Each structure stands twice: as structure tokens, then as C-alpha cells.
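Good morning, and thank you for coming.

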Amino acid sequence: MPVLVFDLDDTLYPELSYVHSGFRAVAEFLSPLLGVPAEALAAGMIAEEATMGRGEVFDNVLHQHGRWSKALVGACLRTYRHHIPALALYPDAERCLTRFSSQPLYIVTDGHKEVQARKVTGLGLAGRVRHAYLTNRYGRHRAKPDPHVFDLICRREHVAPGEVIYVGDNPRKDFVGIKPLGFRTVRIMRGNYAHLEADEAHEAHRRIHSLDELTEDFVTSLCTPPRELAA
Ligand SMILES: [Mg+2]
């Protein structure tokens, strides 16, 4: 029975929904300090992110209201990182996890370990996968494309890499480290990297546009070794 491993951000849920959820938490925190309704603050941050990116959103909202200080920017950042996010899986992710619920399922995700853990909890995934591997827990050098946690999954499940499928959205790092070891890879075409053209080393074995395409037949065919190798 193949082991299915999923990336988290933009594979199972839209990462931007986490960002917006964080902005709303920061807006609630800043509202009494700035004397501005939280909804207006959140709308301003969301609009700025859409045009300018998220790098200076907290600096700018504080500047706009004449309250910028390094300490307040830090407080905004902590509020953002510590908030309990209100998140929902993509509908096709919801269906996919249900469809394969009797198989061993895992998550492998990079990023701030506490933030990623709160996303896993917020999405109700803790009870639906055998384990969510947050690479950050094993040190920064274990982030993708490092294959360390994928090896841990093989040991835990007593399977070879050819029986493990990884589904991710980022061809810069999701597949290039594990493909040479024999892991099977699937790229879901959504999120920030949907239009990125990747060379063969970085590209996944298969591309899909929805997790609905991940059927039992698809999974089986991906794990069956090519004929010339099986012979
Ligand atoms: Mg991702």
C-alpha cells in the first residue's frame, strides 16, 4: 500500500488564507491602540499585501497612523505568529484525505515549526495523518530539498522510497532532493509556483491540477516500476 505524503502550504490549503487570518489577528490587537476599527485595519493590510507583498505590512500600518516603533512591529509579528488560525482545506484536499483515509498519510512541511504546528491543528489534520513532519524541528539544514524526514517515513513504514509518493507545489525544493533516491513525486499546479517552468531535475514525475486526479489507479501506476527496470 503506497504511502502518501503531502506538502502543506498551497497543496492542502491556500497559504494566503493563513496570511489574511494573521492580519485579522494583528488588526484586533492594533485596533484599540490606533483607535481604528479592526475591519478597516485588516482590509488595509490585505490590500497592501496584494500589491506590495507582505514584507513591510506591519511597518506601514503603524507609520500610517503615526505609531511606528520597533517594539510595536515586534508585537505585531508575535501576534501574527502566535494567533490560532481560522483555516479550511481546499475542497479537493478534503476529498482526497477522506478517499485515502485507510492508507498511511503524512505531511512534510518547512517553515517556522510553531507556526506550521498551529496550521496543522487549525486545519484539523492531526487526527487525519499518521504524523506531520515539520522539518524545522530537525534543524534548518533538514528543510527541503533535504531528504531526511522522508527517510524517517520509510523507516517508520518499512517501505522503500519507490512506495512513497510526495505531493507538493514548489518545484524549487519539493522534488529535487528526493527524486534521485527513488521517491515518487506529484506536482500540484497551484499557488505561487503554478506557472514556474522547472528543469527535469526539479520537475515532478507527474503534474496534476486538482487532488481529485489522485485516484487509486493513479497512485498504483506511479508506484509500479517501469517495465525495463522490473524485467
Ligand atoms: Mg507548498
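Let me begin with a term: a salt bridge is a side-chain nitrogen of Lys or Arg within 4 Å of a carboxyl oxygen of Asp or Glu. What we have here is a predicted model, in which local features need pLDDT of at least 70 and side-chain atom pairs count only at pLDDT 80 or more, while totals for chains, interfaces and linings use all residues. Residues are numbered from 1 along each chain as its sequence is written, and side-chain values use heavy atoms, with hydrogens and water left out.

I turn to the domains. The domain assignment, which is automatic or from a database, divides the protein chain into domain 1 (3-14 + 87-230) and domain 2 (15-82). Their centres, taken over C-alpha atoms, are 32 Å apart. Ten residues from domain 1 and six residues from domain 2 make the contact, meaning heavy atoms within 4.5 Å.

How much area do domain 1 and domain 2 bury between them? The value is about 740 Å², with 54% of it on carbon and sulfur atoms; buried area is the accessible area (1.4 Å probe) that two parts lose on being put together, summed over both. Across this interface of domain 1 and domain 2, the rule finds zero salt bridges.

For the model, the salt bridge count comes to 14. One of them joins Glu-15 and Arg-54, whose closest N and O atoms are 3.5 Å apart. Glu-15 lies in helix H1 and Arg-54 in the loop between helix H2 (38-52) and helix H3 (57-64), so this pair ties together parts 39 residues apart in sequence. Helices (H or I, at least four residues) and strands (E, at least two) are DSSP runs, numbered from the N terminus.

Which residues coordinate the magnesium ion? They are Asp-7 (OD), Asp-9 (O) and Asp-169 (OD), at 2.1 to 2.3 Å. Donors are N, O and S atoms within 2.8 Å of the metal (3.2 Å for Na, K and Ca); water is not among the atoms, so sites may look incomplete. Along the chain, the donors follow the spacing D-x1-D-x159-D.

Two backbone details remain. Asp-10, in the loop between E1 and H1, has a positive phi near 65 degrees. Lys-144 and Pro-145 are joined by a cis peptide bond, with omega about 10 degrees; Pro-145 lies in the loop between strand E3 (131-134) and helix H7 (148-157).
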